[in-house]
Amino acid sequence: MKTLRNTMRWTVMIQLSLLIPLFTLTAQEKKISLDYERFILPNGLNVILHEDHTTPTVSVNMVYFVGSGHERVGRTGFAHLFEHLMWEGSTNVPEGKFDEWLEGAGGSNNGSTNTDRTNYFDDIPSNALELALFLESDRLGYLVEGMTPDVVDGQRDVVKNERRQSYENRPYGMAWIELVENLYPPGHPYSWPTIGYMEDLSAASFEDVIAFNRKYYVPNNVSLAIAGDIDLEKTKTLVAKWFSEIPPGEAVSQIDFVPAQLSEEKRKTIEDDVQLPRLYMTWLTPAFYNPGDAELDVLGDILANEKNSRLYKRLVYDLQIAQDVTAFQWSRQFSSQFVLYVTARPDVSLKELESVIQEELDRIKTETPTEREVQRVVNQIEAGFFRNLERVGGFSGKAAAMNEYFFRTGNPDYFNEDLYRYKSLSPNDIQAIAATYLKDDGRFILSIVPQTEQSAE
């Protein structure tokens, strides 16, 4: 997700007349205000409802307050494993029928897992709302009753294969495991990959998996957001009908960990089956929505990602020594990291690339960026907010945004506050945050180089 802000960069290039049914803009202050109704069932399930009759569609979005950070050493990968298991059938939904029934009604669905939470959504025609609520309630309340060791083993193998495809067998894939392992101390909830370790997935027993479900997949640890062509009173009745009988679980305790710190420069070089070397530089940075988070998000776009950005223009166009360059703030609940990586062109050394990057980092720490640079990025972010406000579903529509905002801040209508974090920034803010967090003596630098003939044997 490059977290929420990646999913919430929406378009200003739409007529306000089209936006009036979706949200309200106060003429004087031009604030985004999204109407919603929120209530909590007796079993603790949080419910957020938003009416939008623009199209006859509805999005049902479920956020489970459990991610890979809630796992423990030796038993990693459970949250992502459950992202797979949640489609494998429950007490009243046979294996394979979740997708079949939803798609038969004209709907689609998907899910995602990160360090902090797991998310599922169903985008459906409005006349299929009750079907989606039935399906979601059955896998919330009655998943393990329909689960067998064979089902768990089957999805365990699927996850292992996904890990091979995404990490071991993908060019540069192991970089993301190296980054978190070297930035965070052992035992920190962000020190292992979301997909988990192979040995942990293999060692997990059926009883371990069931226990994880009973602890975290309970109504009082979930938020349900429904946005679209709904009648509020009828929808409240349907939610109560399908979710009220599910008993609550025990209160989920907060994650206990020692905050990560890095007061030196760490370096590592690994060989991989790649054609071109790549350099990664990463720093520990403020958590999601904390002071500095938005500044670093803007800084990433000033440095890279766009053709007019500093590093892209200099490395790719002017000097022609890099294939690509990327920089971004990887925002998370307890701690974030700023990541910058660049792929060399043939016969270009990583030392040469690093020298140019260091020049630009030193420059941004001592000289403020131009007003034009900052405004260009902020305009794009503002455009993204409005683009996603046009739709109710998917990973970035209003149902997902309201649920994510509630999870992160406790306020489903945090759109205006989130946007203001960017619109209030000045060039001095960007320069100050770069000097504060992008320290030469507080970073991890990873070099990935092509395998030598001897090491490849």
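Predicted model: local features only at pLDDT ≥ 70, side-chain atom pairs only at ≥ 80, totals over all residues.

Which residues of α13 are buried?

Entry 1: Now for my opening question: the buried ones are Leu-350, Leu-353, Glu-354, Val-356, Ile-357, Gln-358, Glu-360, Leu-361, Ile-364 and Lys-365. I note that Glu-354, Gln-358, Glu-360 and Lys-365 are on that list.

**Entry 2: the core.** I checked which members of the largest nonpolar core touch the most others. Leu-299, Leu-315, Leu-353 and Ile-357 do, out of 59 residues. Setting aside neighbours within four places in sequence, Ile-357 is in contact with Leu-279, Met-281, Leu-311, Leu-315, Leu-340 and Val-342. There is also a second, separate core of 54 residues, and I jotted down Met-62, Ala-128, Val-209 and Leu-224 as being among its members. In soluble globular proteins, nonpolar side chains tend to be buried together.

**Entry 3: α12 against α13.** How do the two axes cross? I find that α12 (residues 310-318) and α13 have axes that come within 11 Å and cross at roughly 155°. Roughly antiparallel needs an angle over 145 degrees, so α12 and α13 qualify. The crossing is right-handed. On the α12 side, the contact uses Arg-310, Leu-311, Arg-314 and Leu-315. From α13 come Leu-353, Val-356, Ile-357, Glu-359, Glu-360, Arg-363 and Ile-364.

**Entry 4: Asn-61.** Next I went to strand β5 (residues 57-64), where Asn-61 lies. Buried or exposed? I get a relative accessible area of 0% for Asn-61, so it counts as buried, the cut-off being under 20%. Apart from neighbours within four places in sequence, Asn-61 is in contact with Asn-119, Tyr-120, Phe-121, Ser-223, Leu-224, Ala-225, Ala-399, Ala-400 and Asn-403. I also checked Met-402: its C-alpha is 9.3 Å from that of Asn-61, though the two are 341 residues apart along the chain.

**Entry 5: Glu-136.** Last stop is α5 (residues 129-141), which holds Glu-136. Glu-136 also has a relative accessible area of 0% and is buried. What is Glu-136 in contact with, leaving aside neighbours within four places in sequence? I find Val-60, Met-62, Phe-98, Tyr-120, Asp-122 and Phe-243.

Terms used: Residues numbered from 1 in each chain as written. Heavy atoms only, no water. Buried < 20%, exposed > 50% of the residue type's maximum accessible area, 1.4 Å probe, protein only. Helix = DSSP H or I, 4+ residues; strand = E, 2+ residues; numbered from the N terminus. Core = buried A, V, L, I, M, F, W, Y, C linked by side-chain atoms within 4.5 Å. Contact = heavy atoms within 4.5 Å. Axes fitted to C-alpha atoms, helices over the stretch in contact; angles between N-to-C directions. Parallel < 35°, antiparallel > 145°, perpendicular 65-115°, else oblique. Left-handed = near helix turned anticlockwise from the far one by under 90°.
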